[in-house]
Amino acid sequence: MTALATSSSSSPLHFWGYFMDHRSTDLSWLWSHTWLSVVPVVIGLLVALPLGWLARRYRFVYPPLISLTGLIYTIPSIALFVLIPPLFGLKSLDPKQVPIALTLYSIALLVRVVADGLASVSEDTVQAATAIGFKPLGRFFRVELPIAVPVITAGLRVALVANVSIVAVSGTIGMSNLGQLFTLGFQNSTNGPYYPPIVLGIVLCVLLALVLDRIVIILNILLTPWRKAVRS
Amino acid sequence: MIGEVFTWLNDPGHWKDTRFDTGIATQLTAHVRFCAFALLVALIIALPLGLVIGHTGRGRWLIAAANTLRALPTVGVLVLLTVVIAPHFYGRTDTGYLIPTEIVLIVLAIPSILSNTFAGVENVDPAVRDAAEGMGMTGKQVLLKVELPCSLPLIFSGFRSATLQVIATATIASYLPLGGLGRFIYDGLAQQDFPQMIGGGVLVAGLALVADLLLYLVQRYTVSRGLTGRFSKKRIPDARLASVTQAEVAAV
């Protein structure tokens, strides 16, 4: 499974050649890296929406919820990775520990974002919607949530970019994703630096972060067509 | 498993240095020292820079540039710098690993502090700034006596998140042969000694929580009560100073 350094050149610019030489491994790592970055954020959003609504609807829920999620966000990623198995009753090195940890981080970040986003909806708008005849559930999905979209997507961008970096950290404890490229590069550098896998890993991580960020920006524009009308 | 972790943490032999192993106490000190040094340097660089950019409004591109640094995977940069720098150091010191780690930690801490300081100064109520100038304060006085105290809450939140990131990344530095609490995680992993690995995780999480709590306490007692609305006797509903002032002005 570990692709050994067979390429001749060790120049940092040789990363493309390295990629072509180990295409299938690198692509599978990129693929799992993408999934590990995206899926926890989606699950996190699905969990954070009702929790954020709860924090907005019942104000006394907000402070304890924010303290709790802040507490989760305080725990460093590598520590959370190794703490997940004993807490969830998994084996000590289980591939599931990384997505679980990332989901916890995403929930922690997004609950606050959703609650603040819903708080940014002005009271007048809510009252107007009620007066037109929206019932609470319909008002939430068709008025409050759409208006909160820009705040929520801003939070999604932060969560995604952070996740790409954190997933790479899990490569250091042996999970198979782009982080493995850094391990490979480090192990192959015992006799003089061997740059290609390290540079390739950084390039792919940054590209992945930029692409995911761009997708969320486009999503934001598609979901809030009225903002375009006001701007122009 | 949780019991074994507790046993590992509770064993005094694991806390003291022995001839073969470095104890928890020493690694904890080393970890705190790396982090404190990096945070101090980052603060010295980022705080004045953020204040000046926020005050003058010039050089905003620096903020944007610093924020793009966040997209870099820290592990990758750490390994890259280590591979570049470490071979130039020989002997039994860990300088070759320490220098790249400190560089990464400083680079990591700067964006949070810089952008939050900038946002803090930028978001000071223009009326407050005008009032300060109207009282005859010079630009420097406005910055240090009005804008800095008013932006302290945001500066603190930036510094606290920088602290957490630095503690987390200093842990990963143990993946390269460097001391610190991460040693236990990676050594435990290599030796399949899971109580040690998870015990290391508990220690790192504990350090992060304690550091954040300490900074919270510092923040609580340095940020002006006029901003936080933390008054001991009189409880003002919605006690942002601005709204109180507004009410007073309206009463006149």
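Helices here are DSSP runs of H or I at least four residues long, and they are numbered from the N terminus. The model on screen is predicted.

**Stop 1: chain A as a whole**

Select chain A and colour it by secondary structure. The chain has ten helices and zero strands. Followed along the sequence, the pattern reads α-α-α-α-α-α-α-α-α-α. Along the principal axes, the C-alpha atoms of chain A fill a box of roughly 75 × 50 × 25 Å. Of the 232 residues in chain A, 44% are buried. Now consider contacts in chain A between residues at least 6 apart in sequence: 70% of these join residues at least 24 apart.

**Stop 2: helix 5 of chain A**

Select residues 97-119 of chain A, which form helix 5. This helix is mostly covered, with 17 of its 23 residues buried. How far apart are its end C-alpha atoms? They are 33 Å apart, which agrees with the 33 Å that 23 residues should span at 1.5 Å a residue.

**Stop 3: helix 3 against helix 5 in chain A**

Show side chains for the contact: helix 3 of chain A gives Tyr62(A), Leu65(A), Ile66(A), Thr69(A), Ile72(A) and Tyr73(A). From helix 5 of chain A come Leu104(A), Tyr105(A), Ala108(A), Leu109(A), Val111(A), Arg112(A) and Ala115(A). By class, the contact has eleven nonpolar, one polar and one charged residues. An α-helix has 3.6 residues a turn, so residues three or four places apart point the same way.

**Stop 4: where chain B touches chain A**

Show both chains. Their contact takes 35 residues from chain B and 32 residues from chain A. On the side of chain B, the elements giving two or more residues are helix 1 (2-10), helix 5 (74-85), helix 8 (139-172), helix 9 (182-190) and helix 10 (194-222). Which helix of chain B gives the largest share? Helix 10 of chain B does, with ten residues. The side of chain B that touches chain A divides into 28 nonpolar, five polar and two charged residues.

**Stop 5: helices 8 and 10 of chain B**

Select helix 8 and helix 10 of chain B, which pack at an angle of about 165 degrees with their axes 10 Å apart. That angle makes helix 8 of chain B roughly antiparallel to helix 10 of chain B, because angles over 145 degrees count as such. The crossing of these two helices is right-handed. Residues in the contact include Phe156(B) and Phe159(B) of helix 8 and Leu207(B) and Ala211(B) of helix 10. By class, this contact has ten nonpolar, four polar and two charged residues.

How values were computed: Residues numbered from 1 in each chain as written. Chains lettered and ligands numbered in written order. Predicted model: local features only at pLDDT ≥ 70, side-chain atom pairs only at ≥ 80, totals over all residues. Axes fitted to C-alpha atoms, helices over the stretch in contact; angles between N-to-C directions. Contact = placed C-beta atoms within 7 Å. Nonpolar A, V, L, I, M, F, W, Y, C, P; charged D, E, K, R; others polar. Parallel < 35°, antiparallel > 145°, perpendicular 65-115°, else oblique. Left-handed = near helix turned anticlockwise from the far one by under 90°. Expected span 1.5 Å × (residues − 1). Buried ≥ 20, exposed ≤ 12 C-beta atoms within 10 Å, placed from the backbone.
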